[in-house]
Amino acid sequence: MPDRPCLICAALALCLCLCGCAQHMQPESQAIAVGMAVDRADPGGLRLSVLLPESHAFSGQGDDASSGYYIASATGASFAEALTILHATVPMTLNLAQLKIIIVSQEIASDAVFPAVVTDMFLTHRLYSSAFFVVSLGSAQDVLRSQGDVTSLRASSAILTGMEDRVRRGIVPDVRFSDLYNDLHSIYGSPVAILAAAADGTHTTLTPPGRAGDALPGAMPREGQAGCEYAGAALFRDGRMVGVLSSLEAAFLGYLRGGTHAISYAVRGRAVDLSPVRPVSVSIALGEDAPHISVEALFAVTESFAREELARQVEADIAALIAKGQSLGVEPFGFAGRAAASFPDVSSWLRYEWLQRFSEASVQVRATIRVLRE
């Protein structure tokens, strides 16, 4: 009979052989995607693209090979099918756990297939749900490709740095994939997404004269290295994109949702920064037919130039933003959460049909402007 120490050594050796990590799980064996894009592909399919470090390519494989990153893509009848094909064609194990950004074209976001695409993404193993969620006015792949054109930073760092800065300045909403998925299934407000476009000057109009920060992506009056632009928000109703907000409208949207970021603004063609003194104050009176919504905003500025005119202009812009939501049948402002607190249970809230009643609501906006040195 073998000695006990020999048996123990043999058992340990067997465990080491059986418990070793598979080669495909080693970091150097994985193609770690930093971005994903979904576009329409003819006829009736989807094109799925991922942005990968060039080191994952074999002999320069991929659609694009510049600045250390390349695009790999596949086409299928559904997101799941395109992803299966992509897994089969990427030369290493495709890893989606480090995604920083997910971009979907407006063509997909406006289509009835959009909720199914989002659900397929949500069910994808290890797809990072905290990636920023973006709708592109043109090709989503074009916007994704521009993320790889980075010289001083890795694409993953550049994406996070750029998006966090835009969110901090209020020109885009802070929307992650998990936010979009949850809001699509929410019984309260309407979903929103970050808006982007390739910087080719073809998708939108230029910034209106004298309107600081009031812009849509794609045709901003600028020069620079960035191959795409982020500004504003996409609006959704019943699982489809139905409208857009400019960067200034997105800033006021963030304020109405409880944000306290300074807003770049202009009065009489003169730029000012609106600094919220406190979060917005909203009161909602639930009438039998339609609610009445009162909004009170208090901002500070550095000088008293045209202060009363500035207050009236802010009131008009906030009222116009809310009216746009009413006309589109969306309510992304956070009012629903406040209104729902007045109902005893979910059933009574659902019977109230908030979205329909919100579209008929009366709205009053009052803005006050203070000077910081007062």
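**Helices and strands**

Mentor: Helix α8 (residues 247–256) packs with helix α9 (residues 307–328) at an angle of about 85°, and their axes are 10 Å apart. This is a predicted model, where local features need pLDDT of at least 70 and side-chain atom pairs count only at pLDDT 80 or more, while totals for chains, interfaces and linings use all residues. Residues are numbered from 1 along each chain as its sequence is written, and side-chain values use heavy atoms, with hydrogens and water left out.

Trainee: Which residues of α8 and α9 make the contact?
Mentor: Contact means heavy atoms within 4.5 Å. Here L248, E249, F252, L253 and L256 of α8 meet V314, D317, I318, L321, I322 and K324 of α9.

Trainee: And what are helices and strands here?
Mentor: They're DSSP runs numbered from the N terminus: helices are H or I, at least four residues, and strands are E, at least two.

Trainee: Which strands pair with β2?
Mentor: Two strands pair if DSSP finds at least two bridges between them. β2 (residues 35–41) runs antiparallel to β3 (residues 45–53), with 7 bridges, and M36 stands opposite V50. With β6 (residues 101–105), β2 runs parallel through 4 bridges; A37 has I103 as its bridge partner.

Methods: Axes are lines fitted to C-alpha atoms, for helices over the stretch in contact, and angles run from 0 to 180 degrees between N-to-C directions. Buried means under 20% relative accessible area, exposed over 50%, partly exposed in between (1.4 Å probe, protein chains only).
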